[in-house]
Amino acid sequence: MNFPKELKYSKSHEWVSYEQDGTVLIGITDYAQKELGDLVFVNLPEEGDGVTAGEALGDVESVKAVSDIYSPVTGTVAEINEELLDAPQKINEDPYGAWLIRVENVTDTEELLDADAYEAFTKEENQ
Amino acid sequence: MSLNKLSYYNSSSTDPYHNIATEEYLLRHVAPGECILYVWQNFKTVVIGYNQNAWKECRVRELEADGGSLARRLSGGGAVFHDLGNLNFTFLVRSTEYDVARQSEVILKAVQSFGIPAMRDGRNDLTADGRKFSGNAFYRTGDYCYQHGTILIRADMQKMERYLNVSAEKLQSKGVDSVKSRVVNLCEYVPDMQISDMRAALLRAFGEVCGLEPAPLSESGLSAEEIGEGARRFGSWEWRFGRRIPFQYEMTKKLSWGEVLVQFHVAGGIVKEAAVWSDCLDVEFPGLAGEAFVGTRYGSEEWDELPGKMEKETHRERMAELVGCLKEEN
């Protein structure tokens, strides 16, 4: 299991990357994609939509279930990764490359974990 | 945490929207440590998965003409057919108590109690001699989870085949496709099996597998208001047809006035772009017809009003035939 040091993590298994231009990329973690299994569909918000920290930003359907994805930040959707709409399996193949949305005008952030704390958290969850 | 309370609820309704709303209500109200077994039946209904295209999975017009309903559920997966020969179950729990193997064991044990060789096949199917009698699907929101499925006892397989059989090449859509399975009614094994027998067997197996005595939930304990609100939402055109899943539709047909090719781009259930081509000598009609479809709800009764909106009598007639043909195909 992979936990890149440069990312921050939410307890609902999303990752956050702070970009140099002030925007934020959000994806789901390697742990999350393994738990979900093979993804067959992803529902994302639209550009210009607002997202709220702790609330669902969209959902993914895997062979196991439909599951909500929660936004770790409050802000405005600047861009969505349209490639995933046709190829959701890219999230399984490369969870940290396959970002879901780019958020701008971030005004609020959930409490996030660093890589070590998140790794420890996933171990607790699995017990 | 382990299970400390078993509850069960039998729906007295056969309305799919009411029943799916009840399922959502029970999910929102399941307590930590509790597992609810919810048992329900729908009158003639095709239920599609959360991320499916209604028209791609179901002959909607034919189903509705026969008095049936199309419903969309919260869980993923493929389209299934329900009627009163089918019994549905849902296990509703918090995530720490969610156990697909245990829940499936309840169904298997109930079915096996009739001497039927039921087993789990893959992740989502319960089968007997390699034929599926129960398709299962799963949903999770926050800490709340459910597993639900069908149990085919004496379902009308001919209707199932008819409504779910859609020619694939005409409609190109994003979303999740259904997988065809060999299916079997359990009455093939036990000819006199009644729905009530299976209800009783499920309840018995639920208690045995979980090691607790299930207690009934009464209808008066549920909020009719909340369930009614959910039923309206699940029955709405927006929820059933208006999902954002975009698709392309194409039809080529020989009509009385010429050959016609129709192409639609649909998003959120609304025709966003429409093009009509024809070899007929009327050069005006195809353009006007295409324009008329833009902005309408795909396949809805709004199409019935389109012929009347054309200015020329010949155009009204042509449009009526075109709309009739498109509705026939959808």
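Modeller: Axes in this predicted model are lines fitted to C-alpha atoms, for helices over the stretch in contact, and angles run from 0 to 180 degrees between N-to-C directions.

Colleague: At about what angle to β5(B) does helix α5 of chain B run?

Modeller: Helix α5 comprises residues 157-164 of chain B and lies across β3 and β5 of that chain. Its angle to β5(B) is about 135°.

Colleague: Which strands are the edge strands of the open sheet of chain B?

Modeller: The sheet has three strands in the order β4-β3-β5, with mixed pairing. An edge strand pairs on one side only, and this holds for β4 (69-72) and β5 (80-82) of chain B.

Colleague: Which residue of β5(B) is the bridge partner of V47(B)?

Modeller: Strand β3 (residues 45-48) of chain B pairs with β5(B) in the antiparallel sense, over three bridges. Within β5(B), the bridge partner of V47(B) is V80(B).

Colleague: Is helix α1(B) largely enclosed by the rest of the structure or largely open?

Modeller: The buried residues of α1(B) include P16(B), Y17(B), I20(B) and L27(B). Twelve of its 14 residues are buried, so α1(B) is largely enclosed.

Notes: Residues numbered from 1 in each chain as written. Chains lettered and ligands numbered in written order. Predicted model: local features only at pLDDT ≥ 70, side-chain atom pairs only at ≥ 80, totals over all residues. Buried ≥ 20, exposed ≤ 12 C-beta atoms within 10 Å, placed from the backbone. Helix = DSSP H or I, 4+ residues; strand = E, 2+ residues; numbered from the N terminus. Pairing = 2+ DSSP bridges. Contact = placed C-beta atoms within 7 Å.
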